[in-house]
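Here is a short report on a single model. Have the viewer open while reading.

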Amino acid sequence: MPSSPTTVVGAGIAGTACARVLAGAGVPVRVLDRGRRPGGRMASRTLHDRTVDLGASYLTAEDGSEFATQVRDWVDRGLARPWTDTFAVAGPDGLRSTTTGPVRYAAPGGTRSLVADLAGGLDLESGRTVAAVGPGPRVDGEEVPAVVLAMPDPQARRLLDADTAGRLLDDRPWEPSLAVVLGWSRRHWPADLHGAFVNDDPAVTWVADDGDRRGDGAPVLVAHTTAELAAAHLEDPDAAAGPVAAAVGRALGIDVPPEWTTVHRWTHARPAQARDEPFGLAGGIGVCGDGWSAPSRVQAAWTSGTALGRALLTAR
Ligand SMILES: Cc1cc2nc3c(=O)[nH]c(=O)nc-3n(C[C@H](O)[C@H](O)[C@H](O)COP(=O)(O)OP(=O)(O)OC[C@H]3O[C@@H](n4cnc5c(N)ncnc54)[C@H](O)[C@@H]3O)c2cc1C
């Protein structure tokens, strides 16, 4: 056995959940992530002196699932809170109705805080971009007992040789999205909006009331764009701010332009279709994340990472 620890590349929720399983069983494990902090697509950033969620808008947890137990723990410790089960439904020309579904959970400290909590106590190296994972398995030339790639398929494919990639992955497409943050000095939308699904709009699919979900009432909205609009702005995402602000204004009936905007690009926001299988594993190289355990969302990524962690324990 090589003396290096089992290595998880990717400190999003999938990689962190996987590493927790291994560490919990006493397996030496380290997590490497190219970002400055853990979180991945559960990303929160400080803008105008407060935290704004730029990636996942909220969590859902299927009743009776293991993930529901994880979410309950976060709620009990004040890290997550039930946000709402009802959102507005809008079209390109205004608000139409409301829709009720499962309880959505939000994180007062930002969704990233949940991944940071899960990563607590783990051997985590941030700011470390891994360039190559190959047979052995090896991570940037270093032999390890096993390695996990916990990231979108296109990012994992970049690290793998063609042979290994062919065994673990397929060519399923991943779609981009832009998160556009819109700030005002006061609120211009209904107090009970929470968020709005925007149907039939060429620019925007969803708008979250960030002040409402965070609980501080700040006059900040976060809009997520269609894949088509994002694809047309991947080289110059900031140019999307104007068209998105106009689309949000029309959909929510806001006639005052935002006072500031920030755009974040998600080149690989989501798989066009996630797999039903929980993870991939061959020759000590595992792949997990929200491309597995369909449907693609935070619960799927956590479930996928947890399942791969257990499979690695069994394989030892
Ligand atoms: C705009 C948007 C809105 C969303 N809304 C919701 C929602 O409301 N509800 C919901 O449940 N889900 C939502 N999702 C999906 C949810 O965010 C993801 O399912 C989940 O966060 C995926 O976690 P992951 O660990 O699989 O991948 P990621 O979070 O993408 O983690 C991958 C990690 O790998 C790292 N990495 C990649 N390449 C390398 C490398 N070479 N070396 C080192 N590190 C590397 C990255 O830095 C990253 O931290 C949304 C996603 C987006 C983008």
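In which sense do strand 12 and strand 15 pair, and over how many bridges? The model is predicted. In it, strand 12 (residues 174–183) pairs with strand 15 in the antiparallel sense, over five bridges. Val181 has Val222 of strand 15 as its bridge partner.

Is strand 15 mostly covered or mostly open? Strand 15 spans residues 220–225 and is mostly covered, with six of its six residues buried. Val220, Val222 and His224 point one way from the strand. Leu221, Ala223 and Thr225 point the other way. Both sets are buried.

Now go to the other part of the order. Strand 5 (residues 81–91) pairs with strand 13 (residues 195–198) in the parallel sense, over three bridges. Strand 5 pairs with strand 6 in the antiparallel sense, over nine bridges. Strand 5 and strand 6 form a hairpin, with two residues between them. Ala90 takes part in both pairings: its bridge partner in strand 13 is Val198, and in strand 6 Ala90 stands opposite Leu95.

The table sets out these pairings.

| Strand pair | Sense | Bridges |
|---|---|---|
| Strand 12 and strand 15 | antiparallel | five bridges |
| Strand 5 and strand 13 | parallel | three bridges |
| Strand 5 and strand 6 | antiparallel | nine bridges |

Val103 sits in strand 6 (residues 94–106). With a relative accessible area of 37%, Val103 is partly exposed. Which residues does Val103 touch, leaving aside those up to four places away in sequence? They are Leu59, Thr60, Pro82, Thr84 and Asp85. Thr84 is 19 residues from Val103 in sequence, yet their C-alpha atoms are 5.7 Å apart.

**Helix packing**

Two packed helices are described by the angle between their axes and the distance between the axes. Helix 1 (residues 13–24) and helix 9 (residues 298–315) pack at an angle of about 35°. Their axes are 7 Å apart. The crossing is right-handed. Helix 1 contributes Ile13, Ala14, Ala17, Cys18, Val21 and Leu22 to the contact. On the helix 9 side, the residues include Val298, Ala301, Trp302, Gly305 and Leu312. By class, the contact has 12 nonpolar, three polar and one charged residues.

Helix 3 (residues 112–119) has Arg112, Leu114, Val115, Leu118 and Ala119 as its buried residues. Why do they line one face of the helix? Seen down the axis of helix 3, they fall within an arc of 160°, so they line one face. Helix 1 and helix 9 are among the elements that cover these residues. Strand 3 (44–47), helix 2 (66–76) and strand 7 (123–125) are also among them. Gly121 follows helix 3 and has a positive phi, near 85°.

A second open sheet has three strands in the order 8-9-10, with antiparallel pairing. Its edge strands are strand 8 (133–134) and strand 10 (142–143). Strand 8 and strand 9 (residues 138–139) run antiparallel, joined by two bridges. Val133 stands opposite Val139 in strand 9.

The loops here have marked backbone geometry. Pro137 lies in the loop between strand 8 and strand 9. The peptide bond from Gly136 to Pro137 is cis, with omega near -10°. Asp140 is in the loop between strand 9 and strand 10. Asp140 is not a glycine, but its phi is positive, about 50°. Asp140 is partly exposed, at a relative accessible area of 32%.

Ser293 and Pro295 lie in the loop between strand 18 (285–288) and helix 9. The peptide bond from Ala294 to Pro295 is cis, with omega near 0°. Ser293 is not a glycine, yet has a positive phi of about 50°. Is Ser293 buried or exposed? Ser293 is buried, because its relative accessible area is 13% and the cut-off for buried is under 20%.

Technical notes:
Residues are numbered from 1 along each chain as its sequence is written. This is a predicted model: local features need pLDDT of at least 70, side-chain atom pairs count only at pLDDT 80 or more; totals for chains, interfaces and linings use all residues. Side-chain values use heavy atoms; hydrogens and water are left out. Buried means under 20% relative accessible area, exposed over 50%, partly exposed in between (1.4 Å probe, protein chains only). Helices (H or I, at least four residues) and strands (E, at least two) are DSSP runs, numbered from the N terminus. Two strands pair if DSSP finds at least two bridges between them. Axes are lines fitted to C-alpha atoms, for helices over the stretch in contact, and angles run from 0 to 180 degrees between N-to-C directions. A crossing is left-handed if the near helix is turned anticlockwise from the far one by less than a right angle, and right-handed if clockwise. Contact means heavy atoms within 4.5 Å. Ala, Val, Leu, Ile, Met, Phe, Trp, Tyr, Cys and Pro count as nonpolar, Asp, Glu, Lys and Arg as charged, and the others, Gly among them, as polar. The arc is that of the directions from the helix axis to the C-beta atoms.
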